[in-house]
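Thanks for coming. Please have a look at the sequence and the structure on the screen, and then I will go through a few points.

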Amino acid sequence: METLKKICVYETDTIFHIVGSNDDETSFRLLEVDRQVPTKLIISDDREVYNKVQIQKRIDCFRPDVSFPGDKQRKSQGFQQVISAFGIIGFVKFTEGYYMILVTKRKRVAVIGAHSIFKIEDTTMVYIPEAGSKSPSNEESRYLKTFQNMDLSSNFYFCYSYDLTHSLQFNLTCHNTEDSPKRKFVWNSYHWEGAKDLVHPAWHLHVIHGFVGQVNVCIFGRSVYVALIARRSNRYAGTRYLKRGSNPQGDVANEVEIEQIVYDASMTSFRRGRYTSFLQFRGSVPGLWSQDISSMVPKPPITLNAADPYFHHAAAHFNEALKVYGSPIIIVNLVKKHEKRARESILTDELVGAIQYLNQFLPPEHGIRYKAFDMAKYKKHPHLDVIAKLESIAESVVKETGLFLFGPVLDTSMQHPNRNFSTTDRIVYKQTGVVRTNCVDCLDRTNTAQFMVGKHALGHQLFALGFVSKTHLEFDTDCVRMLSEVYEGMGDTLAIQYGGSHLVHSVDSYRKLSPWSAQSRDIKQTVSRYYRNAFSDAEKQSVINLFLGVFRPSPNEKIHLWDMETDFNLHHKDSSYRNRIDKSNTHWFEDCVVQSLPLPYEEMRVPPKDEQLDDVDIFTEYHQESQLTTMSDLFCISSLPHSIRDYKPKTTSDISPFKVRISQPQRKEETSQHSIFSLPFSRDSTKPATVDMSSSEDSSSSSDDESASIRSSGESEQNDDASPLKMKDVFPTMQQTYGIELTAPSKEDAALYQSFVTKGLVSHDEIRQFRSKSGELVPHSPMTSTNLVPSCSFPGGSIFEVPPPAVSSDCLETYRSYVQKGTLGGVTCSEEDYQTYVQYLRKQ
């Protein structure tokens, strides 16, 4: 049974009947939620799979008996369809009854193979207790309003058939026997706590928060999809100045795992396709430190709140990193090292001291690597090149960690043999270790550094797929500009979520290409970020604490969320984490983690993936045959940014995405304030979400993928009204290729063809057969005055049917050889073919 993709909620006076189905509406499940006990969540799931006839009979059983005498109004209200949706986010309770949270609008934003990734566009909350219950208390109403301030239409994502919480490497190589996601990245995990064991897993919808973007790099007609998935951690989550450092469990503030997936889009199957990915992550410097913004200064001082001579916070953090990513852990620290008045350098000293101490007890080959780079100093100096320095750092870290490669035909010449896990029919190379980037806020400088690492990784990924002959990608090419916009869109999104404003410094700022007008914009963003941090972060932090279940309301609770002066105790409940692993201050790591290095223990503890890589119907999942669509409506055509359509200048005929565009026309996305992957930034992240309790089936079902397409402009400002790109702009005409040009038929030819078609249509109304003089059966219709006697070159054939021609064994063998080469790659040619080729070259 596949995941439920359509939800219908039926209401009676005592029960909510929830019917879930697959996309084709061929299999159904039924869930019943009791409404009579407001303070308890009572859910009944029979775990049966129904067909359409069976589920209709069950629905008919819910309807009241119209023959029973009684109140007509009660009959009309006793059973009704409340809402249609695309999934259940979960259930939540404050001080009184439970609410059910439903996804009512979604938008497809990316595809990984045949698996579609959706962004939540709208949600609704349904109050479960029966109608006529007492009106909510003031506390209940206030908690509800605070909860709805979490805008679920702002960068929350889900996928029905692919685990977004785990990396591509884990999903393709590890068999998740427990079928459980990585709870660290599931933002609705708290909402399923009371119901996950009561219902079938097909009802579960795992939602991540962060960013998802994808582009189509078209390489001479071959589509290569580049996807970027940013997963924000739900542990120690919060806003900029209120969440710094880490908690005792090693969870750091603003921790985001970023995965760059590149694959050949001509094959959607995981089993036969070619996929590559690269992981990196960002996070605050681990430790107990903070910044006090009560003094209202532009740069609040950094304070170490408590002495940690044995670096227990850092130890817990790096133990978890080794467990998840393996070794080596490479830290790229972008914080300032030398200052006239120590501020950022306090964090550098703390981080260096932690690494030096912890590395004493790790095996040398698995020690934590450290790379420091003062980006602010380089940016201010007119003769120092920030990008060149980041290029060298990116080259070294990608070489040390490697990439994840998966597929039948991949170039692995630049991969370390120790990462080889290939089989007889598939090449598998794993990424071991990860690069961890940080500055003070983990926003502007971090985003630029991670883009440079991603740019270098993209070169290696395209090289492994066989699309480029070298791993270095030049700036000012369509490919790199597309990647830059994806990273800037991600940076803007994460900056709004954590800092309250867009990025202040982009990649072009560090390349020193930004115009003077950009500096005024940067000042505006700085002021906006400081204002939001000073005046709205406290409310936003309360919303996050309530949504994630860090603070859980209770009717007997004397202190409410809005009465708390600080949430420090909510996030630092266990201050004795150092005793969880070992009481020794030297044995800071788990033995099972070190024993599995350089591979991550998280992958070693589960069995390897079997051959069942594609656990969904690929054709149905990708093409949506149950829905009426047109070619222009397909996601890969209408919504996915395309290198030729959206980035290639009109003035050139070179369609290569790796061509350096020296004189670029001014592009629309460069003249606007935000990139094509940015949010609708006019939306305030703290604005209450609109709750529509009257959504209907028609409105919700038609909202799927209804939003405008995401695409950037490839023309200059003055060419905005120019005609769209046509086939003749890319490919040669028939006149150039064949020497002829197709023209419209004359009136006589059109009339003759229309007459032929008309006779053919009439002869199909009632087709009979008669035997001709040669003994063949010929179709005949008595309704026409003209008998169309077909002639065919194939024996036994006619205009209605042609028997398939016989294929010789030599032709079959040639075709099998062709398919084999396409699947496994080229083979060594025979000596006879080699000599023929040599003679051909000599004649040239």
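H313 touches S246, N247, P248, G250, P286, G287, L288 and D308, leaving aside residues up to four places away in sequence; contact here means heavy atoms within 4.5 Å. One of these, G250, is 63 residues from H313 in sequence, and the two C-alpha atoms are 5.3 Å apart in space. H313 sits in helix 5, residues 312-325. Helices (H or I, at least four residues) and strands (E, at least two) are DSSP runs, numbered from the N terminus.

Is H313 buried or exposed? H313 is buried, because its relative accessible area is 11%, and buried means under 20%, exposed over 50%, partly exposed in between, with a 1.4 Å probe and protein chains only.

A word on the source. This is a predicted model, where local features need pLDDT of at least 70 and side-chain atom pairs count only at pLDDT 80 or more, while totals for chains, interfaces and linings use all residues. Residues are numbered from 1 along each chain as its sequence is written, and side-chain values use heavy atoms, with hydrogens and water left out.

Next, helix 10. Its 22 residues, 478-499, reach 30 Å from first C-alpha to last, close to the expected 32 Å, which is 1.5 Å times one less than the number of residues. Just after helix 10, G500 has a positive phi of about 90 degrees.

Finally, the whole protein. It has 26 helices and 22 strands, and 51% of its 844 residues are buried.
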